[in-house]
Amino acid sequence: MIRYIVRRILFLIPVLAGVAFCVFTLLYLTPGDPAKMVLGEMATERAIQEFREREGLDKPFLMQFANYVYKAVTRGDIGRSYVTKRPVMDEILAAFPATLKLAAFAIVIAIIIGLPCGILSAIKQYSIFDTAAMIFAMIGLSMPVFWLGLLLILLFSVHLRWLPPSGFDTFQAMILPSLALSAQSISMITRMTRSSMLEVIRADYIRTARSKGQKESVVIWRHALHNALIPVVTLCGLQFGQLLSGAILTESIFAIPGVGRLMVDSIKARDYPVVQGGVLFVAVAFSLVNLLVDLLYAYIDPRIKAQYK
Amino acid sequence: MKRNGWVVLLIILACVAGLTYHQMRRQQQAEEYGYESVPARSASGEGGRTDAKDVLVVADQYDATSMDPIAHNDVPSSRAVYSLYDTLIFADDEGNIFPGLAESWELLSGTEYKFNLRKGVKFHNGDELNAEDVRHAIMRATTDAGARIAVYSQNVKDVQVIDDHTLVIELKKTDYSFFPSLTHSWAAIYSKRAFEELGDGFGMNPAGAGSGPFKFVSWQKGNKYVLERFDDYWGPKPRVKTIEVRSIPEPTSRTIALETGEADIIFPVVHNDLRRVDENENLVLYRKPQNSITYVGFNVTKPPFDNVNVRRAVASALDVAGIQAASYRGVGNAPGSLVPSAVKYSLNDVTPVRERDVELAKKLLAEAGVNDLRLEIWTNERKERVDSATIIQAQLEEAGIKSEIKVLEWGAYLNGLLEKRHDLFILGWVNSIPDPNYAISGLLESSALGSTNYTFFSDAKLDELLDRGRGLEDGDERAALYKEMQLYIDEQLPMIYLHNDESIAGTRKNVRGFEPRSNEIHSFREVYFE
């Protein structure tokens with residue numbers, strides 16, 4: 001098991017190298033001169049030249065990349081923000097708690113709502129509940145988050161005045177953004193649970209369980225659900241990883257200073273070190289969440305645990 | 001397997017419980033601390049608010065980028081600087097200058113400005129203002145740290161300290177537009193000692209550095225900064241105890257924050273929401289002409305736009321007033337001149353807006369020998385500009401000019417403009433200093449080539465006029481010169497003036513003493529709750 005984890009973590013290295021290279025290349029090819037964006041339109045030629053030299057922007061592309069990797073590997077230094085002059089890591093860590101909280105709330109809401117809905121839909125297939133759930137899931141999946149967010153604000157903040165329309169400081173303030181963000185995940189988890197359950201319910205061992213006279217509730221809970229959960233756990237993990245990588249639109253609408261907003265602002269300001277650091281950070285977070293999901297698998301599915309040896 | 005399922009569920013539940021507890025704690029701490037944003041439930045008006053409300057919540061579109069006075073040249077940061085620091089002199093909305101940290105001043109010559117500092121002014125760290133602090137602040141602006149505001153500081157030669165409260169700012173060459181530029185945030189004064197102690201972190205955490213009516217408490221980048229009343233302030237003390245400036249980039253979210261009482265003041269209010277704020281009896285809408293201009297510029301280095309008659313043809317094909325009214329939906333007006341109305345010597349209100357004459361356009365094009373003109377209209381993503389470009393495209397079509405619209409992201413836009421790849425482009429210019437020199441020189445003088453002169457207009461006569469204008473003291477002669485300049489620019493037509501914007505802000509009804517400023521550097525110094 002430990003060997004497996006170590007191997008998986010080592011596997012992060014080529015992934016990160018690849019991600020770093022892609023981001024570096026993309027930023028390099030993006031029009032817009034960071035020196036001009038950081039120093040302002042009125043900056044003198046001399047100041048711009050000095051900025052380029054100081055930040056190593058005058059060097060050839062591969063040199064720049066090698067430099068970046070070298071510093072990151074040897075000193076753990078992923079640079080300083082052009083704009084705030086603070087270390088990139090500080091910038092990201094300052095923004096991450098908001099994103100983490102948002103993602104955690106959203107995924108919890110998604111599981112709490114999505115899982116029961118999916119199970120009910122499956123055991124009462126073609127019932128009114130099933131149809132309604134599937135329609136809602138379809139809507140939730142198709143509804144753009146910025147629109148849903150605004151509708152939620154209008155209903156709960158403007159008309160009912162129950163919840164604040166923006167921010168993330170208080171528990172109440174977290175509810176609306178988490179709801180808006182979780183809509184798609186709810187829908188996906190509902191649909192996945194439903195189809196996975198339906199598949200399992202038709203399996204031979206369920207028929208066996210029923211035919212030996214087992215109570216229906218036990219059949220559903222013990223035999224069907226546990227087997228049906230496996231793909232759902234994967235999905236939840238993937239969704240969580242996705243939510244973590246910065247819910248840019250949600251963060252903008254609800255004015256939440258998370259990683260997504262930090263990255264958008266940095267892209268606009270051509271604050272390259274922060275963009276690079278941000279993408280790398282998200283890649284690491286995403287990979288680690290995936291690793292956790294895979295480990296969780298072992299808990300749920302003994303067949304997989306056997307493979308980890 | 002059953003047990004394992006429960007373990008997973010337990011882990012999830014533990015996470016939820018942990019997070020919830022963490023939230024509750026934070027909320028509790030926030031309430032104890034006293035300046036956390038007011039949740040909507042207590043903002044509904046039924047006694048949720050205490051009578052002694054002393055936290056002013058402001059919602060701005062963008063966060064400040066730096067609180068170091070010289071490390072930025074953007075409006076949200078200048079607003080933060082205006083609350084935290086003082087300048088030697090202040091200006092009101094009509095451009096009148098009045099004393100700030102300097103009690104009085106004297107123009108010794110065109111290059112020497114003597115200032116007598118107010119005595120007993122305290123910085124937030126307790127130190128007293130000294131001429132050395134002024135010297136340090138102004139001279140630091142002339143170094144590369146001040147690259148962003150070099151346009152104002154580059155002419156400073158030296159600052160001579162006569163005694164603790166007297167100093168002379170010496171310029172390299174005569175420039176009477178320099179003096180009013182001292183009202184801009186670049187010339188804000190901070191404690192030299194505090195600056196040295198804070199080091200690199202100064203821009204992000206200027207605690208103790210300023211002498212302004214509010215002192216720095218905290219700043220959560222991308223979210224909000226919090227300032228608190230400085231009780232030893234030399235001038236009239238602010239009436240609110242704490243101000244919290246949040247950034248809410250989404251326009252509708254901003255308006256909703258005002259409606260729910262989550263914010264007390266918001267700006268800007270977008271055009272779509274004007275009526276909503278205006279008609280709400282709990283809110284007040286403020287509109288004020290802004291010292292800015294949006295223009296449609298030509299790349300005058302690129303044929304056939306190097307020919308003034310072709311530029312005139314394009315301009316004649318456009319109904320500027322109509323485009324302005326349609327794109328900006330009744331906000332602002334179509335300008336008559338490059339210099340905004342509130343800036344002195346402006347001809348904006350007396351010069352008629354250019355009228356449409358499609359036949360003239362066709363005739364001019366034929367005379368210039370230009371058939372089948374095709375061009376690109378560039379703009380950034382601002383909705384009103386894209387709308388304007390669309391109407392311009394349709395109107396040009398009627399004059400037989402084919403065009404294509406290119407909407408570019410800001411960084412890419414500026415880059416393209418600097419590379420001179422554009423034909424027609426839509427851009428804006430804000431005049432934060434009440435002197436006509438800044439309304440013209442940054443856009444059209446040869447010295448601004450490669451920085452903010454994107455028309456690449458370079459004209460010996462205009463350069464000479466601008467140079468003379470800076471060398472003249474205010475008076476009839478200077479007035480006549482700037483009027484001549486404006487007429488000359490209209491004739492040369494490097495750009496078509498499209499729009500004078502308004503500063504638009506909304507407040508709750510109980511907010512008093514607030515008025516938007518025409519240079520957008522809104523002040524919270526006099527704001528109070530009724």
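Analyst: The account below goes from the chain as a whole to its helices, then to the partner chain.

This is a predicted model, in which local features need pLDDT of at least 70 and side-chain atom pairs count only at pLDDT 80 or more, while totals for chains, interfaces and linings use all residues. Residues are numbered from 1 along each chain as its sequence is written, and chains are lettered from A and ligands numbered from 1 in the order in which they are written.

Chain A has 14 helices and zero strands, where helices (H or I, at least four residues) and strands (E, at least two) are DSSP runs numbered from the N terminus. Read along the sequence, its pattern is therefore a run of α elements, α-α-α-α-α-α-α-α-α-α-α-α-α-α. Taken along the principal axes, the C-alpha atoms of chain A fill a box of roughly 85 × 55 × 30 Å. Of the 309 residues in chain A, 45% are buried, a term for residues with 20 or more other C-beta atoms within 10 Å of their own, as against exposed (12 or fewer) and partly exposed (in between), with C-beta atoms placed from the backbone. Among the contacts in chain A with a separation of 6 or more, 73% join residues 24 or more positions apart; two residues are in contact if their C-beta atoms, placed from the backbone, lie within 7 Å.

Helix α1 (residues 2-29) of chain A has 28 residues and spans 41 Å from its first C-alpha to its last, close to the 40 Å expected at 1.5 Å a residue, the expected span being 1.5 Å times one less than the number of residues. This α1(A) is hardly covered, with two buried residues among its 28. Helix α4 (residues 61-75) of chain A, with 15 residues, reaches 21 Å from first to last C-alpha, close to the 21 Å expected. One of the 15 residues of α4(A) is buried, so this helix lies largely in the open. Just after α4(A), A:G76 takes a positive phi of about 65°.

Axes here are lines fitted to C-alpha atoms, for helices over the stretch in contact, and angles run from 0 to 180 degrees between N-to-C directions. The loop between α5 and α6 of chain A holds A:Y126, which has a positive phi of about 70° although it is not a glycine. With 8 C-beta neighbours inside 10 Å, A:Y126 counts as exposed.

A second pair joins helix α10 (residues 216-244) and helix α13 (residues 272-300) of chain A, with axes that come within 9 Å and cross at roughly 165°. That makes α10(A) roughly antiparallel to α13(A). On the α10(A) side, the residues in contact include A:L229, A:V233, A:G237 and A:F240, and on the α13(A) side they include A:F286, A:V289, A:V293 and A:I300. The contact of α10(A) with α13(A) has 13 nonpolar, four polar and no charged residues.

Turning to the partner, the contact takes 55 residues from chain A and 56 residues from chain B. Among the elements of chain B that give two or more residues to its side are α1 (2-33), β10 (242-247) and α7 (251-259), and α1(B) gives the most, with 15 residues. The residues on the side of chain B that touches chain A divide into 22 nonpolar, 22 polar and 12 charged.

Chain B also has some backbone details of note. The peptide bond from B:F267 to B:P268 is cis, with omega near -15°, and B:P268 is found in the loop between β11 (265-267) and α8 (274-279) of chain B. Another cis peptide bond joins B:P303 and B:P304, with omega about 0°, and B:P304 sits in the loop between β13 (292-298) and α9 (308-316) of chain B. B:L493, a residue other than glycine, has a positive phi near 55° and lies in the loop between α16 (476-492) and β17 (495-499) of chain B. This B:L493 is buried, with 20 other C-beta atoms within 10 Å.

How values were computed. Nonpolar A, V, L, I, M, F, W, Y, C, P; charged D, E, K, R; others polar. Parallel < 35°, antiparallel > 145°, perpendicular 65-115°, else oblique.
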